[in-house]
Amino acid sequence: MNSIKSRALELLSDGTVKRVIGWEKGEGEADWSPALFETAEEMNSFVYGDYAGSNLSKYCLKFNLAEGKTLVVLKPCDTLSFNQLLHEHRLNREKFYIIGAGCKGMKDENGRLLKCNACKGKDFEVYDEIIDDEESRKPLNVFDRMIGVAELEKMTAEERYEFWRGELSRCIRCNACRNVCPACTCVKCVFDNPASGVQSKAPVTDFEENMFHIIRAFHVAGRCTDCGECSRVCPQNIPLHLLNRKFIKDMNELYGDHQAGVGTEERTPLTSYTKEDAEPSVVHERGNA
Amino acid sequence: MSVTNPNWKPKIVAFCCNWCSYAGADLAGSGRMSYPADVKIIRVPCSCRVNPMFILRAFERGADGVIICGCHPGDCHYTSGNYYARRRLTMLFSMLDYLGIERGRTRVEWVSAAEGAKFSKTMNEFVETITNLGENRKLGDIRCKKS
């Protein structure tokens, strides 16, 4: 979509914004990476299209205190992450100019992205202007995103254990899932603490990777918009979204439907309560043991 | 899983809130109500203080079962701590279950300062459950094991 590029260039040239966060082409045809553009010249390499899968909300954090406004191009699902960061007071809305970019479902070299198969709709939560077309407003064909979780829940405990051992023992602790996650915004991360016991780079033990992944998913529980970036960036193709979706599914079932990043409600299921909540033993009483 | 090591005895970590359950344990003691010595109590200001990581770390370092005791919902010294803890622990237990960890290894029980008998009964029950489940093999860290 050239109009996004020309509009961004226009805003950059007239001084409305100081910089633009967008995408540029990487080494491969399907390899588009997030990029920062500060001059009209740099804007030549700006691209937007089928491979602009990455969620740029996280990159905004770096420019929250920077001088002048920052233009950021967000797809509909990315605006959820951005809005969630606004809820958490991590971003100042005044510092950003948001172009809502129409999205027809993003791809990588293996076809349509996993997150787009569970498309959350085409509505923008926050934007200054929207640039889209007829085609990008059409809803995508989506699968029920909880199918994977439900399949695992049907297994026996022993099968689940084997499944997760197989997946999580491949983890190389590169921390890409943490670094890319727009909900993981702590300046000092618990995993960077050498005393945390989970900072080792090499998977040496049975449980350490499990612990890392449980805690990673737990820290974003209730705030995770299910943007799927963690699974997308995992170099070992670990289905990390299955952990996040498990939390989402549980919270929806026990505490009522909640989609992080929608509307203006700042409370998430884990930062609120009711007196009638289920007791923790409820998870031990249901279905398969 | 059966017990393979004949000398194995369960190690239980009990997180007890300062205001209710710890006093409950005290009452059990002064009332001469017995509970197994396998239970190691860690006093926390509130059940809400229990970071999910505490529980995972306890397992990693060799605990066979972890039980969290707090004031009854509505009786929290800090008004609402145990309501938050309840949601949080529900989520954690669900996740452990999802990863295929035996369900009996974690438990939450609300014990007030006047319930010494309940404390002793709960601990006896829990130790029995863990003894039946056997050694914790799935969650341990080999570096923390004595060979």
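The following legends describe close-up views of a predicted model.

**View 1. The open four-stranded sheet of chain B.** Four strands of chain B form an open sheet with parallel pairing, in the order E2-E1-E3-E4. The edge positions are taken by strand E2 (39-44) and strand E4 (106-110) of chain B; each has a single partner strand, so one side of each is left without a neighbour in the sheet. From one strand to the next, the twist averages 20 degrees.

**View 2. Pairing of strands E1 and E3 in chain B, with helix H2.** Five bridges join strand E1 (residues 12-17) of chain B to strand E3 (residues 65-70) of chain B in the parallel sense. Within this view, B:Ile12 of chain B has B:Gly65 in E3(B) standing opposite. Helix H2 (residues 52-60) of chain B packs on the sheet and touches E1, E3 and E4 of chain B. The direction of this helix makes about 150 degrees with that of E3(B).

**View 3. The two assigned domains of chain A.** The domain assignment divides chain A into domain 1 (2-137) and domain 2 (147-285). A distance of 26 Å separates the C-alpha centres of domain 1 of chain A and domain 2 of chain A.

**View 4. The side of domain 1 that touches domain 2 in chain A.** Contacts link 17 residues of domain 1 of chain A with 16 residues of domain 2 of chain A. On the domain 1 side, helix H2 (57-60) and helix H3 (76-87) of chain A each supply at least two residues. H3(A) gives the most to this side, with seven residues. By class, the domain 1 side has six nonpolar, seven polar and four charged residues.

Methods
Residues are numbered from 1 along each chain as its sequence is written. Chains are lettered from A and ligands numbered from 1 in the order in which they are written. This is a predicted model: local features need pLDDT of at least 70, side-chain atom pairs count only at pLDDT 80 or more; totals for chains, interfaces and linings use all residues. Two strands pair if DSSP finds at least two bridges between them. Axes are lines fitted to C-alpha atoms, for helices over the stretch in contact, and angles run from 0 to 180 degrees between N-to-C directions. Two residues are in contact if their C-beta atoms, placed from the backbone, lie within 7 Å. Domain bounds come from an automatic or database domain assignment. Ala, Val, Leu, Ile, Met, Phe, Trp, Tyr, Cys and Pro count as nonpolar, Asp, Glu, Lys and Arg as charged, and the others, Gly among them, as polar.
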